[in-house]
Amino acid sequence: MAETFINKTIETNLRFLKPGIQKQQYSETVTKVIKACLEDQSLNKINSLKNLLPSIDEVVLKESPICGYLMYILADSCRKCNLYEDSVQFGNQSLHIREILYGGESNEVCICLDLLALSMLENNQYDKSSKVFIKSFKGKAEGGYTTFSQLVLDIHKYIQQTNEQQKLQKQQQFQLHQQQYIKPTAKTLLPTTPSQPQPPPPSSSSTSPSLSSSSSSSSLSNISSGVTTTNTITPSSSTFNNGNISASPSRAHLPLQSRVSSSQCIIQTPTDILINTLNQCNVCLTALYYESLKDTSNQSQERTTEIRKALISISLEQSKLQQNEKKYLNAIQTYQEILTILNNSGLKEEKLIYEALINTFVKIDKYEQVKNTIELFIQMGIKSYKVPSIDIASVLWFCGRVLEEQSDRTSSTKLCDLVDALRYYLCTFKISREIGGVTIGEESTAVAQKKIREKIETILYNNRPLKPEEVLILVDGMIRSTTTEFLLNGSKSQNWLLKYVYPDFMAEDALREKFDTLPSKSGFLFKMNGLMKSWKTRWFSLERDVLFYYKYNNDPKPQGELMILEIKSIEILPKDKKFKPYIHCFQLVHPKHTLLLAAESEDSMKEWVGILTKAKQYWEDWSNISLNL
């Protein structure tokens with residue numbers, strides 16, 4: 001196999017032969033180079049390849065496949081022997097040659113970028129490694145050189161390698177710290193001979209898989225697919241600024257001014273850099289995803305599905321890192337972005353992301369966001385899953401458990417949260433009965449159904465002065481008299497359950513929690529004085545089930561009040577001369593007295609009438625709720 005490879009390499013690179021060079025000399029030199037490249041990794045191999053550089057430079061152009069391959073093998077060999085600066089230098093030269101031969105966006109360039117990223121990573125140059133890795137990732141994703149599932153594996157490998165490198169770096173720093181604080185002994189005060197230089201420690205990545213294939217076989221196609229070029233450009237060790245790459249010098253070797261200015265910069269941790277790396281990869285995939293959506297062909301739809309899976313996987317890894325770093329707001333943003341892409345698809349991953357998003361809001365005590373996201377989660381479940389089904393039951397069980405736990409915290413809506421938890425538990429229990437049982441975690445259907453029932457009984461027992469046997473009767477009545485549709489409709493079932501769960505005084509407290517959702521309004525209206533038949537300006541305020549009116553805004557004592565439930569009707573009046581100068585009038589008919597009111601505009605009048613009508617209906621429904629089962 002080696003002979004075949006050597007012969008094909010000689011044939012392919014023949015077009016790059018320098019003028020005046022004999023073919024025999026060329027063949028012998030190429031043969032020596034290939035044989036040296038195929039040797040096992042060692043310092044001797046590196047020295048042999050370096051010694052062959054003048055010979056190969058003498059017979060072929062520098063921008064030839066054989067030179068690019070030689071530089072790549074040198075870079076990989078140096079990396080495995082912990083010679084990272086040499087590895088980056090030779091990797092840059094290989095990259096330069098490959099860009100000329102195959103183009104800057106080619107797969108051959110991406111393979112070389114992967115090697116450079118790994119060399120920089122093992123040299124603790126996390127930021128530079130990240131930039132190179134992102135360039136390679138974008139090249140492979142946009143060029144279609146590999147599958148999207150393989151790109152996800154590349155990401156996972158890079159995360160693993162970064163974590164391993166951080167551990168190794170911390171171990172080395174700890175060992176150095178210990179050495180600096182060893183107490184001097186009598187022996188250390190005696191004259192000693194200079195210590196011999198120690199060989200470099202073995203690479204931490206020598207036993208771990210490389211991000212890209214760095215064996216000699218990975219670039220065989222690069223050598224045998226030579227591209228003719230007329231330009232001769234001498235490769236140099238350039239830097240990765242504006243498209244080039246290089247290893248940065250040690251901070252100790254920087255001038256004093258550079259060291260001072262760099263200390264003033266914000267230092268990113270390796271994990272911060274890794275999070276940014278995943279974010280940039282997601283940006284690339286998101287652009288490809290929306291572009292793929294425009295094509296409706298079957299092949300494009302399959303590609304869209306693959307990109308979406310890759311996006312989900314990488315986003316979950318990114319949010320996991322953000323959670324570990326306690327960057328909860330960033331994790332929330334990541335979850336919300338991927339939910340936008342999923343768009344109520346009903347996939348298993350969408351359910352997991354909703355649960356993670358809700359749990360993150362709970363961690364940072366964002367109670368309103370918890371409730372809002374739970375509503376969206378349930379809407380997604382109803383739309384995507386069959387009702388009744390195990391999937392919707394698991395969604396309801398999760399939401400009930402979260403709201404029950406939130407009711408134990410300092411939530412401003414703890415009473416209503418507990419009622420909503422009860423609603424979802426009841427739904428889960430009824431669905432369990434309808435479909436023959438549901439599972440919760442690892443528990444069997446029988447155990448799960450018993451656990452759900454216990455949750456319902458506990459909520460009632462803890463909030464009403466009832467005996468255990470009375471609680472059992474109440475629960476049976478609730479299950480018998482409700483439907484899943486009724487319980488899922490919060491506007492219908494919540495008030496009913498408020499009276500069911502709590503004594504009257506606690507139900508009133510629960511209503512106060514819902515104050516923002518109750519019909520309310522305040523503002524100036526004109527009120528007809530019954531005796532003088534004249535108009536007076538008054539400040540009206542609808543507060544829960546009472547309409548107050550004051551002489552002016554912020555008046556501490558109301559001029560009068562009207563119970564909403566006592567109002568018989570609310571009527572818009574036709575225009576009449578006797579109402580002059582006002583034409584937008586309405587009246588509130590009450591058994592004792594009728595209020596004749598006017599607004600400055602038709603819109604204001606209709607708004608007041610609408611709010612008062614809604615309030616009247618709301619409080620009538622509340623007062624008519626029956627607990628007889």
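The following questions and answers cover selected local features of a predicted model.

The model is predicted: local features need pLDDT of at least 70, side-chain atom pairs count only at pLDDT 80 or more, and totals for chains, interfaces and linings use all residues. Residues are numbered from 1 along each chain as its sequence is written, and side-chain values use heavy atoms, with hydrogens and water left out.

Colleague: How are H4 and H5 oriented to each other?
Modeller: Helices here are DSSP runs (H or I, at least four residues) and strands are too (E, at least two), numbered from the N terminus. Helix H4 (residues 65-80) and helix H5 (residues 84-102) have axes 8 Å apart and an angle of about 155°. Axes are lines fitted to C-alpha atoms, for helices over the stretch in contact, and angles run from 0 to 180 degrees between N-to-C directions. Angles under 35 degrees count as roughly parallel, 65 to 115 as roughly perpendicular, over 145 as roughly antiparallel and the rest as oblique, so H4 and H5 are roughly antiparallel.

Colleague: Where does Asn-82 lie?
Modeller: Asn-82 is not a glycine, yet has a positive phi of about 65°. Its place is the loop between H4 and H5.

Colleague: Is Asn-82 buried or exposed?
Modeller: Buried means under 20% relative accessible area, exposed over 50%, and partly exposed in between (1.4 Å probe, protein chains only). Asn-82 has 16% relative accessibility, so Asn-82 counts as buried.

Colleague: What is the relative accessible area of Asn-344?
Modeller: Asn-344 is a residue other than glycine with a positive phi, near 55°, and it is found in the loop between helix H13 (328-342) and helix H14 (348-363). Asn-344 is partly exposed because its relative accessible area is 28%.

Colleague: Which residues are in contact with Gln-406, leaving aside its neighbours within four places in sequence?
Modeller: Gln-406 belongs to helix H16 (residues 390-406) and is buried, at a relative accessible area of 3%. Contact means heavy atoms within 4.5 Å. With those neighbours left aside, the contacts of Gln-406 are Tyr-367, Val-370, Lys-371, Ser-411 and Asp-417.

Colleague: What is omega for the peptide bond from Val-387 to Pro-388?
Modeller: Pro-388 lies in the loop between helix H15 (367-384) and H16. The bond from Val-387 to Pro-388 is cis, with omega near 5°.

Colleague: Where is Pro-581 found?
Modeller: A cis peptide bond joins Lys-580 and Pro-581, with omega about 10°. Pro-581 is in the loop between strand E5 (569-572) and strand E6 (585-589).
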